[in-house]
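Please check each of them against the model.

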Amino acid sequence: MRDFSRGHEWLSINTATVRKQWRLDRIIEECARRGIRAISPWRDQVAAVGLAAVAQQLRETGITLSGYCRGGFYPAADAAGLAAALDDNRRAVDEACTLKAPCLVLVVGSLPGALDGKPVHRDIARARAEVHDGIAATLEYACKVAMPLAIEPLHPMQAAERACINTLEQALDVCDALDPARSGALGVAVDLYHVWWDPKLAQQIARAGRERLLGFHVCDWLTPTRDLLNDRGMMGDGVIEIRQARGWMEASGYAGHAEVEIFSNDWWSRPAEQVLDTCIARHRSVV
Ligand code: ZN
């Protein structure tokens with residue numbers, strides 16, 4: 001297993017972690033200043049600065065991406081909505097290519113309208129079928145431009161609004177169905193916040209193997225959790241055995257970044273300098 005205690009060359013910052021404090025250009029600047037070599041930005045943060053400007057700043061600073069957030073949200077109320085989602089996913093793939101991302105992360109979506117509190121139906125099986133078809137369509141395009149897709153299973157508490165794929169096993173079943181050759185074009189992003197509780201976690205990470213392990217996201221699960229979306233903990237402040245899980249990832253062949261992804265009203269309220277410095281320290285001591 002790699003030794004993270006003496007450096008942070010494998011640390012990546014998911015830029016949502018300091019999104020309330022800084023624009024993306026400032027985040028990149030501050031990461032470069034601290035020797036952080038990778039980030040995973042969100043589409044809205046890139047759009048706010050401009051795609052070309054971000055690509056140029058990445059070239060100038062030598063910072064690479066550990067992933068691009070995000071595609072997905074396939075299910076829709078009608079055919080026009082499904083088509084619009086596919087168009088949007090093609091644009092996300094193109095942006096990921098421009099930024100030279102190693103993969104586009106997919107948060108697959110679930111009941112249409114649920115995110116706004118107005119689900120148009122309750123048929124999660126239909127949503128899952130639409131997700132399957134949507135990923136298949138995006139994969140066809142992504143393969144042409146050589147952009148791998150990483151399905152991120154989300155914790156079941158988000159099954160209605162954000163993702164009807166909730167376990168690593170489910171995500172890998174989709175991978176096996178759509179990419180049986182294990183070509184590397186389709187895999188998973190293992191976000192410990194979503195999957196740490198899963199009794200099959202070690203088994204499914206082993207099943208995924210090197211070809212399917214495209215991302216590894218870390219933070220911590222706080223007790224009690226006060227907000228279903230925005231109360232993620234800093235590594236070491238909660239109950240996830242992060243290093244054990246990284247061991248499983250690496251035993252399975254994963255050799256990429258540990259991406260810190262913290263949506264937290266608490267950490268968003270602190271100076272961003274302090275947040276980044278704490279990420280570096282905890283990456284060394286806990287991840
Ligand atoms: Zn994640």
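This is a predicted model: local features need pLDDT of at least 70, side-chain atom pairs count only at pLDDT 80 or more; totals for chains, interfaces and linings use all residues.

1. Arginine 182 is partly exposed, with a relative accessible area of 29%; the classes used here are buried, under 20%, exposed, over 50%, and partly exposed in between, for a 1.4 Å probe and protein chains only. The residue lies in the loop between α6 and β7; helices are DSSP runs of H or I with at least four residues, strands are runs of E with at least two, and both are numbered from the N terminus.

2. Residues are numbered from 1 along each chain as its sequence is written, and side-chain values use heavy atoms, with hydrogens and water left out.

3. Arginine 182 also takes part in a salt bridge with glutamate 211, where the closest N and O atoms are 2.9 Å apart; the criterion is a side-chain nitrogen of Lys or Arg within 4 Å of a carboxyl oxygen of Asp or Glu. Because glutamate 211 lies in helix α8 and arginine 182 in the loop between α6 (168-178) and β7 (186-191), the pair ties together parts that are 29 residues apart in sequence. Glutamate 211 is partly exposed, with a relative accessible area of 36%.

4. How many salt bridges does a search of the whole structure find? The total is 26. In one of them, aspartate 231 pairs with arginine 226, with closest N and O atoms 2.9 Å apart. Here aspartate 231 counts as buried, at 3% relative accessibility, whereas arginine 226 is exposed, with a relative accessible area of 62%. Elsewhere, salt bridges with shared partners join Arg26, Glu29, Glu30, Arg33, Arg34, Glu273 and Asp277 into one network.

5. Aspartate 25 forms a salt bridge with arginine 23, the closest N and O atoms being 3.1 Å apart. Both partners are partly exposed: aspartate 25 has a relative accessible area of 25%, and arginine 23 one of 46%.

6. Aspartate 198 deserves a separate check. It is found in the loop between α7 (192-195) and α8 (201-212). Although buried, aspartate 198 has no salt bridge, and the nearest side chain of opposite charge, that of lysine 200, is 6.9 Å away; Lys and Arg count as positive and Asp and Glu as negative, while His and the chain ends are not counted. What lies 2.8 Å from a polar atom of the side chain of aspartate 198? It is the backbone nitrogen of lysine 200. Leaving aside residues up to four places away in sequence, aspartate 198 touches Thr167 and Leu168, contact meaning heavy atoms within 4.5 Å.

7. The largest pocket holds about 480 Å³ of space. Its lining comprises 25 residues, of which Trp42, Arg70, Arg162, Leu229 and Phe263 are the closest to its centre. Two or more lining residues come from each of α2 (43-49), β4 (68-72), β5 (104-107) and α7. A pocket is an open set of points on a 1 Å grid over the protein atoms alone, where a 1.4 Å probe fits, with protein on both sides within 12 Å along at least five of seven lines; lining residues have an atom within 4 Å of a point. Grid points are joined across faces, edges and corners, and the volume is the space filled by probe spheres set on them.

8. Most residues other than glycine have a negative phi, and most peptide bonds are trans. A cis peptide bond, with omega about -10°, joins cysteine 69 and arginine 70, the latter being found in strand β4. Another cis bond joins threonine 223 and proline 224, with omega about -5°; proline 224 is in the loop between β8 and α9. Phenylalanine 73, in the loop between β4 and α4 (79-98), has a positive phi of about 45° although it is not a glycine.

9. Finally, two buried residues. Leucine 214, in strand β8 (residues 213-218), is buried at a relative accessible area of 18%. Serine 252, in the loop between α9 (242-251) and β9 (258-260), is buried at 13%. Not counting residues up to four places away in sequence, serine 252 touches Ile205, Ala206, Gly209, Arg210 and Leu213. On that basis the contacts of leucine 214 include Ser66, Cys103, Pro148 and Tyr254.

Technical notes
A polar contact is a pair of N or O atoms within 3.5 Å; within protein, one must be able to donate a hydrogen and the other to accept it, and residues adjacent in sequence count only if both atoms are side-chain atoms.
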